[in-house]
Amino acid sequence: IYTEVLEPSMLHGNQAPPPSDQKALPYAPIYKTGSNLLARQLFHIPPQCLQILDELGHGRFGKIFLAGTVNVSLKDLKLNEDTDRNKSILVAMKQLKPEASPELRDAFNQEIKFMSHLQHANVVRLLAVSLTDESPFIVIEYMENGDLHQFLRQLELQPNSATVSSDHISPVILLYITVQIASGMRYLANKRFVHRDLAARNILVGRDFVTKISDFGMSRSLYESSYYCVAGQLILPIRWMSTETYYGQFSVKSDSWAFGVTVWEVFMLCRSLPYSHLQDDEVIADAVKGEEREVLQKPESCPTEVYAVLRRCFVHSPQVRADFEEIYSRLFVIYKKFVEEIC
Ligand code: ADP
């Protein structure tokens, strides 16, 4: 699948850089299967225990619904000790479309296996599954503000302040969102998982700006312009990719690069595609220049110290590029300082 267990050699970032004469694209399979992970013990929820309330969106696998649980306790969902089954819990239900190809089914199962191992405040939780042949689905945490990309696009920037309004967001909250993404990514990196598609569109936002990493498959349908097409097929998030990933070398360090682009999106309030002045083929031509490639400029609202961290994410050599320990600790210190100044 899209996410994978990392080779130890890649974790330490000692893979050889791509030879300069190596031809870029098309490069590699989209979905790496064969991961030897086993799904953690999961709650198998009977379909009648969910009442569909609304449609939240649709992605590669099919539709995503808002649903309320019927006769299910928080304990069943491994959320806490509460055992009151009469209280309905709001959840998101991701269905695999009936016409899914065997490859898509495989990818869906791989995503389940992968997600079942993740438990972190900034990573979307898999709560239950229903794996019938006809209509399998998964139940995940409901994040009431949807994906970060559409969430930020509807907001305007306001100067730093401790107060929040429903249609404005301040730099300190953007920083709070950023630190949470870094925290979730640090967790994934420590588990040796590579996300490969970190971008604002693949992050979900809950109440009070709680932010969680999602989409361990690809959510493309809403964001087709973010991906590059080869022979009519959408495959690569080229604008989020470090140079070595153009040669198939994904690692926790390529996630660091994508993190830098994601934070750039955050401080742009997702108003622009990265390198929006370049066409897809120009992005590719530029990216394979390696060290000489264009670097994303500091968004106006991005604090200088935060941009300095982004520059560490945009280091050409994966060996030298910042890892998530460095990213998280630096951003956390900056965030703390900001909060102290405001309060
Ligand atoms: P897929 O993995 O099938 O491609 P996604 O996970 O990308 O689908 O979901 C598509 C859209 O549905 C997202 O962009 C988001 O707006 C909405 N969505 C997905 N999961 C949730 C959730 N847990 N809570 C709220 N909205 C969600």
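1. The model is predicted. Arg201 sits in a loop, with β10 (193-194) on one side and β11 (203-205) on the other.

2. Arg201 has a record attached: an unreviewed UniProt entry annotates a "binding site" that covers Arg201. Is Arg201 buried or exposed? Arg201 is buried, because 23 other C-beta atoms lie within 10 Å and the cut-off for buried is 20 or more.

3. The loop between α4 (171-190) and β10 holds Arg192. The phi of Arg192 is positive, near 65 degrees, in a residue other than glycine. Arg192 has 15 other C-beta atoms within 10 Å, so Arg192 counts as partly exposed.

4. Cys270 also calls for a look at the backbone: its phi is near 55 degrees, a positive value in a residue other than glycine. Cys270 belongs to the loop between α5 (252-267) and α6 (280-287). Which burial class does Cys270 fall in? Cys270 is buried, because it has 21 C-beta neighbours inside 10 Å.

5. Strands β3 (residues 50-58) and β4 (residues 63-69) are paired antiparallel, with seven bridges. Within this pairing, Asp54 is opposite Leu66 in β4. When following the side chains here, recall that in a regular strand they alternate between the two faces of the sheet.

6. How many residues separate β3 and β4 in their hairpin? There are four residues between the two strands. Gly62, in the turn, has a positive phi of about 145 degrees.

Key:
Residues are numbered from 1 along each chain as its sequence is written. This is a predicted model: local features need pLDDT of at least 70, side-chain atom pairs count only at pLDDT 80 or more; totals for chains, interfaces and linings use all residues. UniProt positions are given in the numbering used here, feature names are shortened, and annotations may be inferred rather than shown by experiment. A residue is buried if 20 or more other C-beta atoms lie within 10 Å of its own, exposed if 12 or fewer, and partly exposed in between; C-beta atoms are placed from the backbone. Two strands pair if DSSP finds at least two bridges between them.
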